[in-house]
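Work through the two exercises below with the sequence and the 3D structure at hand, and compare each step with the solution.

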Amino acid sequence: MTTLISGTAGVTFPAGGVGNPAGAVVGTTDTQTLTNKTLTSPTLTTPNIDSAQIPTVSGTAPLYMCRAWVNFNGTGTVAIRSSGNVTSITDNGVGDYTVNFTTAMPDANYSSVASCSPSAGPNQRVVVMNFAGTSNTISAPTSSACRFSTSALAATADVEYVHFAAFR
Amino acid sequence: MNQRIIFPTDDGVAIIVPAPECGLTIEEIAAKDVPAGKPYKIVDVADIPTDRTFRNAWEYT
């Protein structure tokens with residue numbers, strides 16, 4: 001098949017040819033949707049991925065992403081080093097913190113993990129999740145915040161490196 | 001962010017430490033993260049003691 005150029009009919013591309021591919025042509029407007037297409041090594045510039053479930057690169061188990069995280073210093077001038085989806089932490093007292101999420105979790109049934117450094121020397125510190133160390137009471141997580149304490153053997157204690165992450 | 005939000009609690013005083021990357025103003029953080037109905041103050045970080053030896057004895061005035 002050849003491309004026909006006519007003085008009266010203009011240019012005619014053969015069906016299925018380079019200039020007239022078979023099927024719908026997409027990508028000509030901003031609102032067109034690609035469905036069931038395979039993209040090989042695509043570069044996505046600031047994509048907005050709505051789903052929390054993303055295929056894995058190996059195996060078939062799904063990935064469930066971290067929904068909020070924070071790294072902060074719990075000693076001296078308590079300060080956040082870096083974070084994601086966290087507006088603030090609340091310093092409730094010695095070794096007693098609440099992480100406040102920027103965008104709330106779907107519910108309070110997320111899984112939260114935290115870790116911390118020891119104090120100077122080999123003095124161990126542990127993290128006790130969902131615990132208000134200042135009042136020695138359980139603190140149930142909410143969709144918007146999670147409270148936990150860093151503790152020595154018998155009492156809450158401030159530590160220099162505190163890390164928290166929430167998964168859902 | 002060199003500011004903090006303080007509010008009273010049953011056990012003393014709580015201090016809200018803003019996340020530098022959150023994109024909210026200190027007033028927006030206060031509106032969002034201070035428990036409903038609690039009075040609060042926005043203070044300079046320099047006004048918060050760095051010696052936390054008696055942290056649990058701090059009071060909101």
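Predicted model: local features only at pLDDT ≥ 70, side-chain atom pairs only at ≥ 80, totals over all residues.

Residues are numbered from 1 along each chain as its sequence is written, chains are lettered from A and ligands numbered from 1 in the order in which they are written, and side-chain values use heavy atoms, with hydrogens and water left out.

**Exercise 1.** Describe the aromatic pair of Tyr97(A) and Phe148(A), and then that of Phe101(A) and Tyr110(A).

Solution. Step one: rings of Phe, Tyr and Trp (its six-membered ring) pair if their centres lie within 6.5 Å, and planes under 30 degrees apart count as stacked, over 60 as edge-to-face and the rest as tilted. Over all chains, the structure holds 5 aromatic pairs.
Step two: Tyr97(A) and Phe148(A) are tilted, with 6.1 Å centre to centre and 50° between the planes.
Step three: Phe101(A) and Tyr110(A) are edge-to-face, at 5.6 Å centre to centre and 80° between the planes.
Step four: Tyr97(A) has a relative accessible area of 0% and is therefore buried (under 20% relative accessible area, with a 1.4 Å probe and protein chains only); Phe148(A), also at 0%, counts as buried, and both Phe101(A) and Tyr110(A) are buried.

**Exercise 2.** Over the ring of which residue does the charged end of Lys41(B) sit?

Solution. The ring is that of Tyr60(B), and the charged end of Lys41(B) sits 5.2 Å from its centre; the criterion is that NZ of Lys or CZ of Arg is within 6 Å of the ring centre and within 35 degrees of the ring normal.

Terms used
Buried < 20%, exposed > 50% of the residue type's maximum accessible area, 1.4 Å probe, protein only.
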